Amino acid sequence: MESSFPPRPPLHSVLPPLILGTATFNTQYVTDPLSMPYRDIVARAIDLGVNCFDTSPYYGPSEILLGSALDALMNPQPTDATPSPVPLDRSSFKIVTKAGRIVMDEFDYSPAYIRYSVLRSLQRLHTSYVDLVYCHDVEFVSPAETLAAVRELRRLRDEEGVVRYVGISGFPVDVLCSLAEMVLSETGEPLDAVLSYGHFTIQNRALGLPWIAPDFDGRGAGSPLARLKAAGVGVVLNASILGMGLLTSRGIPVDPEPELAKDSPLAKWHPSPPELRLACKKLAALAAAEDERLESVAIRWALERWARVGAAADIGVCASTQSLKVGATVCGVSSIAELQETVAEWRGVMALLETPAVAEEATLARRDKVLAMVEGKFWPALGPWLDYVWASPGAGFVNTRREEDRGTAPDDGTVAAYDVLIKVVENSLQEDEAR
């Protein structure tokens, strides 16, 4: 069915290269997300030019908190200091969310649930449309289920106009490639986007191999990025560049026992084995010896290298000019300080890419120092843990969604309220035409 909505430009011309991830607005990362300065983080991101936000209903209260922050900017209240505040226009920023993953081990990719999830996201995010929706963590369901979900998201795009672009997300790179190939083969239309997480970091380079190898010949035949490009994927995004908290100065406690890991929510669910956590702790010590924080080095290396790899593999997005394409990255933060640090590193990367001939000496020195630390010290120190990938799903995984619940939408009023709203709008349009 042909869409009744305006033509969509290619996603690479719409999506910005730096996206604020809000998985951190969640108890998986912080003890109390409600106590985070989430409104200030979102407002400051807009001030700094970061105008795209990634979330998911799986991330606990993330959609609700992000929606509250954006709504406060779109509908600002007058104050004594600002009696006539200027509202933020919805068209000035992008919202990316996901559908299909409910909780840790529960998934429903049925068309009915996918539609319900998207409509609920619209309510939570205070918007009439979402710019991009991924099928969330596709490795946990069958290819047939993924295909059905993609078809429903495209129907929501073409018939209801509540989705602009459609993609998939997940952890195993080979699964992402196979599903992208399947979607193209079965539907004749490629995915707009693929979100890969944890596979292009200073510890795990799998998504970017062989593009970052010193002897790379520029062809990359059979590589993940070559496969995704051949499957027609418009944009491949890189997320979790800190390995979901693994590559930080604090790291993740080896022992998940409550007393030892009481200050680290990550310790209870992070899939990394204890030996990998220890290996990454050593990287933190190496960084400290160079007066650096591990996360600063990890962020800078991943941002710069992925920007270049994305451009070389032609799966990136347009940067400040339409002629410059760079790899797009999703970065999560839990404080304004982390946000500002990330943006500062990104600006240093862009200075090297946009005007390399006139880059400041300090910017060049920063690049050289990070490369030397990562390639000369970190990679040898990781030893067998370099490019290690844990299994996803893990052994014994079972989808806990009850059979009788699959294919049904919760009767909480979400779908009914939307359908009533659409009917009101349709009736109003018909009355206008009759006048």
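What is the relative accessible area of Tyr29?

Modeller: Tyr29 has a relative accessible area of 22% and is partly exposed, a class between buried (under 20%) and exposed (over 50%), with a 1.4 Å probe and protein chains only. This is a predicted model, in which local features need pLDDT of at least 70 and side-chain atom pairs count only at pLDDT 80 or more, while totals for chains, interfaces and linings use all residues. Residues are numbered from 1 along each chain as its sequence is written, and side-chain values use heavy atoms, with hydrogens and water left out.

A search of the whole structure finds 13 aromatic pairs, where rings of Phe, Tyr and Trp (its six-membered ring) pair if their centres lie within 6.5 Å, planes under 30 degrees apart being stacked, over 60 edge-to-face and the rest tilted. One of them joins Tyr29 to Trp269 edge-to-face, at 5.8 Å centre to centre and 70° between the planes. Tyr29 lies in the loop between strand S1 (18-21) and helix H1 (38-47), and Trp269 in the loop between helix H7 (258-261) and H8, so the pair ties together parts that are 240 residues apart in sequence; helices (H or I, at least four residues) and strands (E, at least two) are DSSP runs, numbered from the N terminus.

Phe171 and Trp390, by contrast, are stacked, with 5.2 Å centre to centre and 5° between the planes. Because Phe171 sits in the loop between strand S7 (163-170) and helix H5 (173-187), and Trp390 in the loop between H11 and helix H12 (414-434), this pair ties together parts that are 219 residues apart in sequence. Both Phe171 and Trp390 are buried. Elsewhere, Phe200, Trp301, Trp306 and Trp379 form one aromatic cluster.

As for the charged pairs, the whole structure holds 32 salt bridges, each a side-chain nitrogen of Lys or Arg within 4 Å of a carboxyl oxygen of Asp or Glu. Among them is the bridge from Glu345 to Arg300, whose closest N and O atoms are 3.0 Å apart. Since Glu345 lies in helix H10 (residues 336-354) and Arg300 in helix H9, the pair ties together parts that are 45 residues apart in sequence. Glu345 is buried at 9% relative accessibility, and Arg300 is buried with a relative accessible area of 3%. Through shared partners, salt bridges join Glu292, Arg300, Glu304, Arg308, Glu345, Arg366 and Lys369 into one network.
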